[in-house]
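Here are my notes on the model you sent over. Have it open while you read.

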Amino acid sequence: MKVYTKSGDRGTTSLVGGERVAKSDTRVEAYGTVDELTAFTALLADKLSGDDRLAECVAELRRIESQLMTVAALLAVGKGGEDKIAPLSADAALPLEEAIDRMQEQLPAITKFTIPGGDERMSLCHVCRTVCRRAERAALRADAEHGTDAGVLVYLNRLSDYFYVLGRTVTAKLGVEEILWIP
């Protein structure tokens, strides 16, 4: 099978179910941004790999990568594809919440905003967080126009929180000083 089909050369693509839409369609923007987030999540996992202090984080990120593929597929559903992708379970965000709670128990409380920096791995957590927020906004626009699986919106919202707390956790585990915003 060839990677290129030439069917998108004029600015259209197919959604799950076969519906052809413009590549500027809000659903394409949403699943494309989730695809970008998946790539950054993989890069983050790769950067954290090999450090025993971060092994649990890497395992979680690998699970998240797989879940993001499902999120992207659900955002790519068009007419005729409604039954082709299983919806996210009602508790899909629960492992994220559990991981956030577990990490926060190990972290000191803060009263100021944190600023990315101090170590590229921690900064990459914040890249993932900000791309996730963008994906969430794109998914909300797609949902407003076309509707989407409700679990997608919850999952993306919780995931950005996860990346924030992961950044703080990576900072703590690596012994890097956390940079706080002091206006």
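1. Five helices and four strands make up the secondary structure, where helices (H or I, at least four residues) and strands (E, at least two) are DSSP runs numbered from the N terminus. Going along the sequence, the order is β-β-α-α-α-β-α-α-β.

2. Before going on: this is a predicted model, so local features need pLDDT of at least 70, side-chain atom pairs count only at pLDDT 80 or more, and totals for chains, interfaces and linings use all residues. Residues are numbered from 1 along each chain as its sequence is written, and side-chain values use heavy atoms, with hydrogens and water left out.

3. On overall size, the C-alpha atoms fill a box of roughly 50 × 35 × 35 Å along the principal axes. The protein has 183 residues, and 42% of them count as buried (under 20% relative accessible area; exposed is over 50%, partly exposed in between; 1.4 Å probe, protein chains only).

4. Now the helix pair. Helix α1 (residues 26-48) packs with helix α2 (residues 55-75) at an angle of about 170 degrees, the axes being 9 Å apart. That makes α1 roughly antiparallel to α2 (angles over 145 degrees count as such). Axes here are lines fitted to C-alpha atoms over the stretch in contact, with angles from 0 to 180 degrees between N-to-C directions.

5. Which residue sits in the segment after β4 (179-180)? Trp181 does, and Trp181 counts as partly exposed because its relative accessibility is 43%.

Note on methods: Parallel < 35°, antiparallel > 145°, perpendicular 65-115°, else oblique.
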